[in-house]
Amino acid sequence: MKYVLVTGGVVSGLGKGVTASSVGVVLKACGLRVTSIKIDPYLNTDAGTMSPFEHGEVFVLDDGGEVDLDLGNYERFLDVRLTKNNNITTGKIYQSVLEKERKGDYLGKTVQVVPHITDAIKNWIESVAVIPVDGKEGPADVCVIELGGTVGDIESMPFIEALRQLSFSVGPDNFCLIHVSLIPVLGVVGEQKTKPTQHSVRELRALGLTPHLLACRSAQPLLENTKEKLSQFCHVPIGNILNIHDVPNIWHVPLLLRNQNAHHSILKQLNLLSIAAPPNLQAWTKRAETYDNLKNSVRIAMVGKYVGLADSYLSVVKALLHACIACSLKPSIDWIAASDLEDESAKLTPKDHAAAWETLRNAECVLVPGGFGDRGVGGMILAAKYARENNIPYLGICLGMQISVIEFARSVLGLKRANSNEFDSETPNPVVIFMPEGSRTHMGSTMRLGSRRTLFQTPDCVTSKLYRNAEYVDERHRHRYEVNPEAIGVLEEAGLKFVGKDETGKRMEILELPSHPFYVGVQFHPEFKSRPGRPSALFLGLILAATKQLEAYLNTHQNGCRSYYNLDASIPSSYICIVLHPSLFGYSNCQWKD
Ligand code: GLN
């Protein structure tokens, strides 16, 4: 196994994750198989209990792992399926060491950070690196390891020491260290400053690790003399000083690396030049350029709780982007804090209330993403009602699905106090209830998590058609509550159809309102499996419906048939690629009927 370690210096938030996944993309483009490990030096065992406000979205894996959002970047960039063990935290390492200590596995020895914690880290890395994640057999060629945090943090010290030992034991041919740093520009003179990078490289060297490459983040391209200075003071050959300056979209980053021959430097260090091919990044180039040149946009209202931080819904944003690109549209996401839509806000913050409603009314479609807790629920219900009554395309994800059930029960069935037990344990009409197998006392890893199967109940529904007539679909879940099976009869009689259920038939997975152009709620999170070039079927459906192309699309794609002509002559030509785009011709997560 060959390792590429990516560390960060100077400040956090440099885009280390994007850099590391882009390195993976370039190596993959050279014909190598790539896996990745993200190290998060925090004490939490996983990201499951962390607030999206503070930490951004919790990404969910097939195996139910609740992990750092960077793993989402890796899955999307490298098109792989990672496991929960690909995310290492201090908490996980200590837990495993302490479990062994309790079992007496250390045979009476004093258990210490060095060697026991560091050994556990090394063993973990070496055993996870060989797990295949790309659907092929046998281990990958290269494992990209991203060390979270900034070099010098107290928390990351045991990891740095373990990685130093690992680099020594695997040998120089099998280890390449890329240090990501910042080159700020100060003052009116606008000089590119190298000193912070010099300091962080010195820190790294003091800990026994020498970078082979530097990846320097900067606003503008690095000047030649800045590179020379960096090379001289940081002990890195000038050809190995990469510059990741600001680019219009992150899909340019692999191209930027390729243009600077990063692959050559890395492959040389890893002694892989003889087996690697020149990087083929055609699809990436096309995608990055398409994105830059998008002219028309579609207005999407995102009505949620954590709207202050875009990272809170990172995968939803990415999934919207993938779907929009497939339709040659730029996503224009209008964030609406759900609580601003509530009547209460009209009194307390009238301006915000008016602005929120104005934004909602201007939107071409509405998305209510997942969430926990009762804040903003009233506003989400109002948004779902508005979309339902005004025929505005609506996609409700997880909480968003539960919201549409509550809204329907209140408005259509007249059950004014209908609610989820999550928000009102005393409601006389619990249309959403706690799942019997859940735990009420423990928060971490106690939800219904990971990939589960949804069986379509009828081929005659929008979602089944969007999934290209699949009989079932495997998508990822993360929830504690579910639609009350006892409420299904009345809800269906009144027109809300549950067209996707789990294998027992008792758990509702997909709802639709057949009388509406596109009103879909899903208990799962389709955003986690959306990929650039392979958008999620449901996000695609939402965007098609928002631009009034859904019906034509479904007609041309019925029975799995694929037609490649313009849907509607009145649609601007920039929309046309929706039917031509190759990304629409395959979903890895569903089964074809024929
Ligand atoms: N809070 C809801 C539940 O636990 C929805 C969860 C979610 O949206 N991920 O079921």
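**Close-up 1. The charged end of Arg287 sits over the ring of Trp284, 4.8 Å from the ring centre.** Arg287 also lies over the face of Trp251, this time at 5.7 Å from the ring centre. A charge counts as sitting over a ring if NZ of Lys or CZ of Arg is within 6 Å of the ring centre and within 35 degrees of the ring normal. This is a predicted model, in which local features need pLDDT of at least 70, side-chain atom pairs count only at pLDDT 80 or more, and totals for chains, interfaces and linings use all residues. Residues are numbered from 1 along each chain as its sequence is written, and side-chain values use heavy atoms, with hydrogens and water left out.

**Close-up 2. Phe77 and Trp284 make one of the 8 aromatic pairs in the structure.** Their rings are tilted, with 5.0 Å centre to centre and 55° between the planes. Rings of Phe, Tyr and Trp (its six-membered ring) pair if their centres lie within 6.5 Å; planes under 30 degrees apart count as stacked, over 60 as edge-to-face and the rest as tilted. Phe77 belongs to helix α3 (residues 70-78) and Trp284 to helix α11 (residues 282-292), so the pair ties together parts 207 residues apart in sequence. Helices (H or I, at least four residues) are DSSP runs, numbered from the N terminus. Phe77 is buried at 6% relative accessible area, and Trp284 is buried at 9%; buried means under 20% (1.4 Å probe, protein chains only), exposed over 50%, partly exposed in between.

Close-up 3. Trp357 lies in helix α14 (residues 350-362) and Tyr386 in helix α15 (residues 377-389), 29 residues apart. Trp357 is buried at 13% relative accessibility, and Tyr386 is buried with a relative accessible area of 13%.

Terms used:
Helices (H or I, at least four residues) and strands (E, at least two) are DSSP runs, numbered from the N terminus.
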